[in-house]
Amino acid sequence: MEAAPFGSSLFTPTSLSFSSSTSQSLLFLRSGNDTVGLKFKPRGSRSFAVRASSNGDSGTPAVTDTLVTLLDYGAGNVRSVRNAIRHLGFDIKDVQTAEDILTANRLIFPGVGAFASMMDVLNEKGCVRMTEALRTYIKEDRPFLGICLGLQLLFECSTENGQVNGLGVIPGVVDRFDSSNGLQVPHIGWNALKVREGSDVGLSVLRRFLSPKSSMLKKPAEGKASKLAKRVIACLDVRTNDKGDLVVTKGDQYDVRENTEENEVRNLGKPVDLAGQYYKDGADEISFLNITGFRDFPLGDLPMLQVLRYTSENVFVPLTVGGGIRDFTDANGRQAYWLFNDFEKPSLYYSSLGVAAEYFRSGADKVSIGSDAVYAAEEYLRTGVKTGKSSLEQISRVYGNQAVVVSIDPRRVYINSPNDVEFKATWVTNPGPNGEEYAWYQCTVNGGREGRPIGAYELAKAVEALGAGEILLNCIDCDGQGKGFDIDLIKLISNAVSIPVIASSGAGAVEHFSEVFEKTNASAALAAGIFHRKESSGSHGHMVPAIFVLGDSFVDVGNNNYLPLTLARADFPHNGIDFPGRNATGRFSNGKNAVDWLAEKVGLPSPPPYLSIDSNSRTSYLCGVNFASGGASILNETTDPQNTQSIALWQQVDYYLKVHEHLMKRLGSNGAKKHLSKSLFFIMIGSNDILRYSRSSDPKKPTPKRYVNQMTTLLKAKLKILHTYGARKFMVVGLPPVGCCPSQRIQNVTRGCREDTNTWTIMYNKALASMSRKLKSELKGMSYSYSRTYPLIYGVIQDPASRGFKEVKAACCGMGDLNAEIPCLSISKHCSNRTDHLFWDLYHPTEAASRLFIDNVFDGPPQYSSPINVRQLIHCP
Ligand code: 1PR
């Protein structure tokens, strides 16, 4: 795959099969044989073999350790290669000295950039010994994977930037593909590969190199010409919303604001989560466009860099980032200090090259330039001179053309005759409002806000000449309409240039992709809305319209703050120490709890505590409500009839009925029914019942079996009521190993888990799972996901390091043995390494533990949520 990480270099002299993706799009080997997608200019008549092997055939001993040596020459996107190596379970050793190369068991040399600038780096004083070591290593035919430039540099020379010498280990010249026969250059994409749905092609190439015995390398059929596969790209328009959060948004003809009184920015969810989902869904590439980057200094958007870093940890297809790439002088005097580690004096001027470099370092494979490319093209067309100073020219010179996309935002202007304008016009399939048969496409800048005196055709040709490697061809008229691509426009541009054109705007059905590939020369198709729509069933693009929560302190978000007499409170420090604003909200946690993380996943704000809501407020209850209350249990209906200590389950259900009534008035009977049927009902309760049972020394207490049956019977009755009043999708949460919380451990002389408590917990969980199953067969339209919290958390306790934890016995906040003799009060001490701790206080998990829980049940395997996970529950009809 392009730019990618793992594209192009596992081959033998007779089995070269991958396409590449550089500005040169080169790859060679067999002398005298031009295969489609290969260009080899042999020098002399030597035949030559390179084998990227790490098996016994190479004469090297079989590699058994997990260490991979990585040669990072300092440019381009090496982050994605690192992430992929780690993802496959290998450790990385960076080359520091020539010795590191000579002693490597297997060596990976990734490189993205331009040949000349990379050779400049390698020829610098200090690198000479390294290049010598590299030659020796390869000549010894030891396991080596060269990626893109990392492979090209082994040849004698390249013509990418004039004639520049390479390392000369492999005879031959790296030369440009001949585009006169219609081949698009850069040649981007997969060639000669049959990709099955869900197969990680890029990763599997790397996997085969690292673990050659795990899968046999198949020889592709020889001599068969093959075509590049067309790519499908998922695009995420990203911007800061009115609250200052970086969100994915999507416009209709570039208008991203909701058509409501509040006129807020449409929020479709979190960039990292959505990118991860689209990668899993099979997108060939992901693009992030920072759509307000033109307004301000783009690296002021530090979160954008973080988005790239986090995304590249789990997304192994090429990432493009665009928006605001230009030279910039910050009038506000702000400095992007992280750019200047190597410089003594930070300046207020930032070059587009610096901005691009930061994006590449953070995980981008390509950058996309919009407005600045328009200005550069206008200047070039006016003067006929390539100054070499535009962002487009500078970035492509250093990082290679394949790393630079130009994003065009044209608007259709109908005309009667092509002679009416000085710009290239085309005949249109669907005439204009007054019967006009032609149109030209006017380029815009600043997110479509300003039209410029240049057409899309002229711009495309100019930016190709200036060094663009690809064109992202949007169309403002079609954006977000779901009625199909503008075929006339895409034909016009894709026939005009020899670089790849990405068709964008208007995809609303699978057929639209087939149509654009059949009728035009587009190499790829990009879409946004169609991906988001699949993800979001809620009216505002959230995955669900609302979340309703019933439960205990694990998910209380502040209801108990409103119970004047309760002892079960958490509205004082150190609770909330990691919550935004270090706010003690009433959550029994250092930060967010499970329901907060769930809300983030589905793109909703965490539902507010029921007792905090003024029911007269216009939007009250629409996104859901949280009824959970610290200390609540299933069976305490008679012990605290006034609900002074906590809101009992029956009372929580009663409150829900009031909310239901309100929604019926607000949305009408059908509206409320539809709204609730798509909402999530999050049920997490029962720990207090088990703790009470384990505390009780009453000889008359029921047998454990009877007790858990009482619990599930009562809970079942409550769930039935919720169903009667509209609930359909239940997330039923099993209990964690209650006997392992610090308060229980200190009752055990060994400080181990209380086995009796755990036994009752397991009994209850079994009964709960079985009750949920039966309920589904009894209640029409009900679906559920049962969270297997116990095995998940028990797994962490047994092997904390595997999940990034260190302390799984003691509480972080509290006092006494295991910090569990005195609860987390303001006078208690608290730990600083809170992300290492499983328990925040004597009963409750840390924010990190809650996050782990939600991450695993939301997308996890049946081991952690069954019969379906939460994402599947959301997608249930
Ligand atoms: O000018 O270098 O700062 O770059 C700004 C970038 O942000 C450009 O690439 C420009 O296209 C993009 N942009 C600016 N404003 C908007 C907006 O929507 N208000 N979004 C915007 C562009 C358009 C597409 C979209 C497709 C597919 N988004 O990329 O994803 O039209 O949508 P669909 O499948 O839903 O129809 P600079």
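This is a predicted model: local features need pLDDT of at least 70, side-chain atom pairs count only at pLDDT 80 or more; totals for chains, interfaces and linings use all residues.

Author: The protein has 877 residues, and 58% of them are buried. Its secondary structure runs to 24 helices and 32 strands. The accessible surface comes to about 36100 Å², and carbon and sulfur atoms hold 50% of that.

Now for the part you asked about. The count of salt bridges comes to 31. One of them pairs Lys366 with Glu285, with 2.9 Å between the closest N and O atoms. Lys366 sits in strand 14 (residues 366-369) and Glu285 in strand 10 (residues 285-290), so this pair ties together parts that are 81 residues apart in sequence. How accessible are the two partners, buried or exposed? Lys366 is buried, because its relative accessibility is 0%, under the 20% cut-off. Glu285 is buried too, at 1% relative accessibility.

For another case, look at Arg382 and Glu379, whose side chains meet in a salt bridge at 2.9 Å, N to O. Here both partners belong to helix 10 (residues 371-383), and they are three residues apart, about one turn of the helix. An α-helix has 3.6 residues a turn, so residues three or four places apart point the same way. As for cover, Arg382 is exposed, with a relative accessible area of 60%, while Glu379 is partly exposed at 34%.

A further salt bridge joins the side chains of Arg751 and Asp817, at 2.5 Å from N to O. That pair links distant parts of the chain, 66 residues apart: Arg751 is in the loop between helix 20 (742-745) and helix 21 (755-778), and Asp817 is in the loop between strand 29 (813-814) and strand 30 (829-830). Arg751 counts as partly exposed, with 28% relative accessibility. Asp817 is also partly exposed, at 29%. Elsewhere, salt bridges that share partners connect Arg231, Glu285, Lys366 and Glu470 in one network, so the Lys366 and Glu285 pair from strands 14 and 10 turns up again here.

Leaving aside residues up to four places away in sequence, Leu680 touches Val544, Ala546, Ile547, Phe548, Leu598, Lys729, Val870, Leu873 and Ile874. Its C-alpha atom is 7.8 Å from that of Ala727, a residue 47 places away along the chain.

The other spot is helix 18 (residues 687-695), where seven of the nine residues are buried, so the helix is largely enclosed by the rest of the structure. Those buried residues are Ser687, Asn688, Asp689, Ile690, Leu691, Tyr693 and Ser694. What do they pack against? Their neighbours are helix 19 (704-724), helix 20 and helix 21.

Key
Residues are numbered from 1 along each chain as its sequence is written. Side-chain values use heavy atoms; hydrogens and water are left out. A salt bridge is a side-chain nitrogen of Lys or Arg within 4 Å of a carboxyl oxygen of Asp or Glu. Helices (H or I, at least four residues) and strands (E, at least two) are DSSP runs, numbered from the N terminus. Buried means under 20% relative accessible area, exposed over 50%, partly exposed in between (1.4 Å probe, protein chains only). Accessible areas come from the Shrake-Rupley method with a 1.4 Å probe; for residues, only the protein chains shown count as cover. Contact means heavy atoms within 4.5 Å.
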